[in-house]
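Hello,

I am handing over a structure for you to look at. My notes on it follow below.

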Amino acid sequence: MSDNKVTMYGAEWCGDCRRSKKFLDSNNVNYTYVDIEHDEVGKDKAIEISGKKSIPVIAFSDGTHMVEPSDNDLKKKLEELSVL
């Protein structure tokens with residue numbers, strides 16, 4: 001994945017989080033997963049990044065982020081960053 005860094009903030013009870021995590025895993029994307037249920041600092045960071053409490057929040061190395069992205073939108077972003 002070179003220098004591209006992807007961080008996903010989510011929780012196991014969240015269906016959209018499980019879907020995005022499955023997409024990243026199935027496409028062999030190297031990413032950091034922060035379980036906001038067990039990481040208060042991570043939870044606060046996700047809210048700080050997105051300005052809301054919706055998850056997943058997926059942050060990218062270019063300073064952008066996505067909240068609750070569709071698989072297609074996530075794919076486009078990862079292609080734009082040359083991660084996929």
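**What I found**

Start with strand β3. V57 and A59 point one way from this strand, I58 and F60 point the other way, and all are buried. In a regular strand the side chains alternate between the two faces of the sheet. Please keep in mind that this is a predicted model.

Now the sheet around β3. Four strands form an open sheet, and their order is β2-β1-β3-β4. The pairing is mixed. At the edges are β2 (32-35) and β4 (65-67), and each pairs on one side only. From one strand to the next, the twist averages 15°.

β3 covers residues 57-60 and pairs with β4 in the antiparallel sense, over three bridges. Two of the residues in β3 can be followed across to β4. V57 has V67 as its bridge partner there. I58 has M66 as its bridge partner in β4. β3 and β4 form a hairpin, with four residues between them. G63 sits in the turn and has a positive phi of about 90°.

β1 and β3 also run antiparallel, and four bridges join them.

Next, the helices. Helix α1 takes in residues 15-26. It lies across β1 (6-10), β2 and β3. Relative to β1, helix α1 runs at about 155°.

Helix α2 takes in residues 40-50, and S50 is found in it. Is S50 buried or exposed? S50 counts as buried, because its relative accessibility is 13% and the cut-off for buried is under 20%. A polar atom of the S50 side chain lies 3.0 Å from the backbone oxygen of A46. Leaving aside residues up to four places away in sequence, S50 touches V57, H65 and V67. Two of those names came up above: V57 and V67 are bridge partners.

Last, the cysteines. How many disulfides does the structure hold? The count is zero. A disulfide is a covalent bond between the sulfur atoms of two cysteines. C14 is buried, with a relative accessible area of 7%. C17 is buried too, at 1%.

Best wishes

Conventions:
Residues are numbered from 1 along each chain as its sequence is written. This is a predicted model: local features need pLDDT of at least 70, side-chain atom pairs count only at pLDDT 80 or more; totals for chains, interfaces and linings use all residues. Side-chain values use heavy atoms; hydrogens and water are left out. A disulfide is a pair of cysteine sulfur atoms within 2.5 Å. Buried means under 20% relative accessible area, exposed over 50%, partly exposed in between (1.4 Å probe, protein chains only). Two strands pair if DSSP finds at least two bridges between them. Axes are lines fitted to C-alpha atoms, for helices over the stretch in contact, and angles run from 0 to 180 degrees between N-to-C directions. Contact means heavy atoms within 4.5 Å. A polar contact is a pair of N or O atoms within 3.5 Å; within protein, one must be able to donate a hydrogen and the other to accept it, and residues adjacent in sequence count only if both atoms are side-chain atoms.
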